[in-house]
Amino acid sequence: VIESVKAREVFDSRGNPTVEADVILTDGTLGRASVPSGASTGELEATELRDGGNRVEGKGVSKAVNNVNTEINDALKGVSPFNQAEIDQIMIDLDGTPNKARLGANAILGVSMATARAAANALGTPLYRYLGGVNIELPQTFHNVINGGAHADNGIDFQEFMITPLKKTSFRDGLEKIANTYHTLKKVLEDAGFQTGLGDEGGFAPDMKSTTEAVEMLYKAIEQAGYKPGIDIGIALDAASSEFYDKDAKKYNFEGHSFNADEMANYYKDLKKKFPAIISMEDPFSEDDWENFAKFTKDFGDQVQLVGDDIFVTNPSIFRKGIKAGVANSILIKLNQIGSVSETIEAIRLAKKNGYTTMISHRSGETEDPFVADFAVAVSGGQLKAGAMARSERIAKYNELLRIEEELNGQASVAQFPNDVDAD
Ligand code: PGA
Ligand code: ZN
């Protein structure tokens, strides 16, 4: 059983404080996990409890840490770590708010993840096996190689330009192709006169103005690396359009235009026509624009995967409404949007039951904890986005998957896009 729960303040990849939690079992087993943090957060995400005030720009998490060390510790002492749903429910009830605002989603998620680790460690089982089953599949990875929007100080309105290995003989082979393309992209950008400093997720943050230009650079990089766009390497975009949507005017302020939803939809369609290697678009419409997201899904959802991130915030009850409304055909899954392991798994189940694909995701603020990589394997998530082939907090996730592939010694399959949705 759980002997004690303890948290501390550590720092994330942007130098902001975050919660690291330890769960210690009576036999001495330790489970440790740390919590990521977003920049372009959905309005309805669970509450990340921050101290405010002057210390570290008000971003301290000492209140969340204290909640772990006092109330959560008292509530979980003596409880079995092997019933994840029970552990999570105890904390949800203790918090008592609909969005984990009192104790903090960062406090609750840290303990939730650390409990899963402690349980896995106690059994001597890898995390991806403890949380998962026997059918082990390594995810299709999506790598954000050009950063814009809230992740970089450049003029690009779209937040993420990702590449993904379509043809691969193994997970390692896919990753190697991405590394080759990433390195080539650097040269392509340099040749075109752009700076090659990095954004928050390890992608380049060139000061270019248009989405088209960014995708053109990806095409060039893929080809110069010796691959075929759309055959060997696919392209995925996260518009993160809530960031450039004007709620009151109902307009998308995009690249100097003030687009209504139909104009935005036509823009996306033209983009796909011009660049057929684009296989996935995330948040093409705002979290406040359900109607047009649904309309676009009906209209264009058979041409491209449409991923809902800010609009669903990994929240099973919001997602249920989204499914009914016909919004998107894929859901982005972020543990800290909802704030516990078992609620995240519930959202994934809901997706599979309703024919939605799932893309498991890191946050733009990350730590060295590879939890999300194990998690993506455990839930047969099919897809994982965890950043470019740079910055150790991103690479930690991919290296974890390389280790898992090695450990399974050829027994694991690797997801191929588009992923079959296995309804279970
Ligand atoms: P965030 O970005 O972690 O800054 O929210 C990731 C995303 O929008 O997918
Ligand atoms: Zn997103």
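Guide: Glu201 lies in the loop that links helix H5 (171-191) to helix H6 (211-224); helices here are DSSP runs of H or I with at least four residues, strands are E runs of at least two, and both are numbered from the N terminus. The model is predicted, so local features need pLDDT of at least 70 and side-chain atom pairs count only at pLDDT 80 or more, while totals for chains, interfaces and linings use all residues. Residues are numbered from 1 along each chain as its sequence is written, and side-chain values use heavy atoms, with hydrogens and water left out.

The UniProt record, an unreviewed entry, places "active site" at Glu201 and Lys334; such annotations may be inferred rather than shown by experiment. Glu201 has a relative accessible area of 2% and is therefore buried, a term for values under 20% (1.4 Å probe, protein chains only). Beyond its neighbours within four places in sequence, Glu201 is in contact (heavy atoms within 4.5 Å) with residues including Asn144, His151, Glu160, His362, Arg363, Arg391 and Arg394.

Lys334 occupies the loop between strand S13 (330-333) and helix H10 (335-338). With 5% relative accessibility, Lys334 is likewise buried. Outside four places in sequence, Lys334 touches Asp309, Thr314, Ser361, His362 and Arg363.

Note on methods. Chains lettered and ligands numbered in written order. Buried < 20%, exposed > 50% of the residue type's maximum accessible area, 1.4 Å probe, protein only.
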